[in-house]
Amino acid sequence: MNAHGSPVTRNGTLIPADYQPPLPMDRLVRAERPAEDAVPFDVLFVGGGPAGLAGSIALARAARDRGVALSIGVLERAERLGDHCLSGAVVNPIALRQLFPELPEDELPLRGPVLRERVHLLRKSGSLRIPTPPTMRNHGNRIASVCELVRWLGERAAELGVDVLTGFPADCLLVEGRRVLGVRTTPAGLDRDGEPGAAHLPSTDIAARITVLAEGTRGALTQAFLHWQGIGRSHPQIYALGVKELWRPVRPLDAVVHTLGWPLPRDVFGGSFFYPMADDLVALGLVVGLDYPQQGLDVHGLLQQLKLHPLFRPHLEGGELLEWGAKTIPEGGWYALPERRYGDGLLIVGDAAGFVDVPSLKGIHYAIRSGVLAAEAALDALEHDDPSAARLGLYDELVRESYIERDLYRTRGFRLGFKHGLYRGGFQAALLTATRGALPFGRGRGEADAATPRRPEPGPPDPDWRPDGKLTFSKEDAVYRSGNDTRDDIPSHLIWNPAVPPPVARFYARMCPAGVYEVRDARLHVNPSNCVDCKATDVLGPRWTPREGGAGTKYDRM
């Protein structure tokens, strides 16, 4: 039943929002000052991804050049920088060039340039090569591993005296009135019942004059801050789920390849990517909008089917699966940006703010640039001894004047146009591209992914593939290749309703790419240690909250 006592399924249709627990605000925002023994920083970046590390580097450099002494910290929940980072990735190098103008491009932490690219419209047994849309052209861009990029940025930050603290998730914001005073870390070493075990490490308070949320997609503290401050958007943020594999192929790939169509239904937004990272390494992934209208769609299963297609199979069959991972991506674009990305003592950067351009499939350079702009605003505020929202509002001005918001504004209606299907969406996208976003497509039709009705599917799921352990893999095998070694007796970091009816339980089990949710005896069973922190269920069902440091994935070259 939902809050109004009505069945969650209406003529077989399921609305995920009816069973989604509320955001645990009492945990995520605490009206407490940091403890007297809190670790103090002038600026704390919460999240050691491209945005947080780039921001810390820019701030440390600017403070050094101006003769200002600042203490700067980066708090990262993974055991090692990059362990939780996943992206395509074909990177626009502009933001790295701006951050490191003294370095030639061949010394930046990027792999080869994009020399060739192809786009295919897939059918089940064939494909049609189509012209590359202008927004997807990658001439001048570079293939990259975001893990390698982040570790390189971490080394540069440490060289500048930034304290990079790995293995410490931020559990909550510490606030006084409407001002953010810092964060409290998540305790470690608790047993399944939440009691301290032999390796218990209690929470630590970290005080900061300015806290920069660089949590990445669907950050729990970012969601809580926006809710607490009542910060709205023109449209709710919407998300996609990307599932990615790294392979040692039997045949090298000579071009960056994107596909549309099969195995996705026509009314589902998404597509695949196939990138050559080296002669002996390729990245394959499938990205699917989480507003899909089917109850039984399974993104991991669709990726396994994709590998059977003649466009991919000759490269992969007989090769070796090296790594697997999953992550959600903010796709709402300009209309889904928060009305402000600052507050008293706080800034929001990167994917946490929604700085991703769906038509070009790009977000990393926006993350890096937003971190740099946050550093500029933070230094200005500290030099004036005024980390108030009024002063930190400079950050939003800088973002509006940058290519971040300019690019997102130009493609502002693109993603919402695809809510009507691939072909109508493609037609609208072409018109929007030609008119630089001037047509009103996408306005006034936004709804959160969890509010999208899901219809039951008529036939049995996945009739065309079964895991063989060589080319196609079960979710359990895939999670193993993510490097996930989370303790089995860790307390659950997921908040769910154990009494959901079987159709909802089956929806969770199909939607989650990591096998966290199972249906046994018509009841929902949850395996929290399987979680790879992709946040898909946080979008559509059970809530994700921070768990102990070092838990989760250990990606190497994603």
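C147 is buried, at 0% relative accessibility. Keep in mind that this is a predicted model. So where is the closest cysteine sulfur to that of C147? It sits in C85, 6.0 Å away, and that is too far for a bond. The cut-off for a disulfide is 2.5 Å between the sulfur atoms.

Next cysteine, C172. C172 is buried too, with a relative accessible area of 2%. How many disulfides does the rule give? The count is zero.

On to the core. The largest nonpolar core takes in 154 residues. Which residues have the most contacts inside it? They are L173, V183, I210, Y292, F355, Y395 and Y508. Helix α8, residues 364–383, gives the most to this core, with 13 residues. In general, nonpolar side chains in soluble globular proteins tend to be buried together.

What does F355 touch, leaving aside residues up to four places away in sequence? The partners are L337, R341, G350, G363, Y366, S370, Y395, V399, I404 and L408.

Now the strands. Look at β18, residues 270–278. Is β18 mostly covered or mostly open? Mostly covered: eight of its nine residues are buried. On one side of the pairing, three bridges join β17 to β18, and the two run antiparallel. T259 stands opposite S272 of β18. Then there is β19, residues 281–289. Eight bridges join β18 to β19, again antiparallel. In that pair, G270 has V288 of β19 as its bridge partner. A hairpin through two residues links β18 to β19.

That region also holds a cis peptide bond. Where is it? It runs from W262 to P263, with omega near 5 degrees. P263 lies in the loop between β17, residues 256–261, and β18. There is a cis peptide bond from G88 to A89 as well, with omega near -10 degrees. A89 is in the loop between β5, residues 72–76, and β6, residues 90–91.

Last topic, backbone angles. A522 is not a glycine, yet it has a positive phi of about 60 degrees. Which loop holds A522? The one between β24, residues 517–520, and β25, residues 523–526. A522 is partly exposed, with a relative accessible area of 46%.

D533 also has a positive phi of about 60 degrees, and D533 is not a glycine. D533 is placed in the loop between β25 and α16, residues 536–540. Is D533 buried or exposed? Buried, with a relative accessible area of 9%.

To recap. The disulfide count is zero. β18 is joined by bridges to β17 and to β19. Then look at the positive phi values of A522 and D533.

Definitions and conventions: Residues are numbered from 1 along each chain as its sequence is written. This is a predicted model: local features need pLDDT of at least 70, side-chain atom pairs count only at pLDDT 80 or more; totals for chains, interfaces and linings use all residues. Side-chain values use heavy atoms; hydrogens and water are left out. A nonpolar core is a set of buried Ala, Val, Leu, Ile, Met, Phe, Trp, Tyr and Cys residues joined through side-chain atoms within 4.5 Å. Buried means under 20% relative accessible area, exposed over 50%, partly exposed in between (1.4 Å probe, protein chains only). Helices (H or I, at least four residues) and strands (E, at least two) are DSSP runs, numbered from the N terminus. Contact means heavy atoms within 4.5 Å. Two strands pair if DSSP finds at least two bridges between them.
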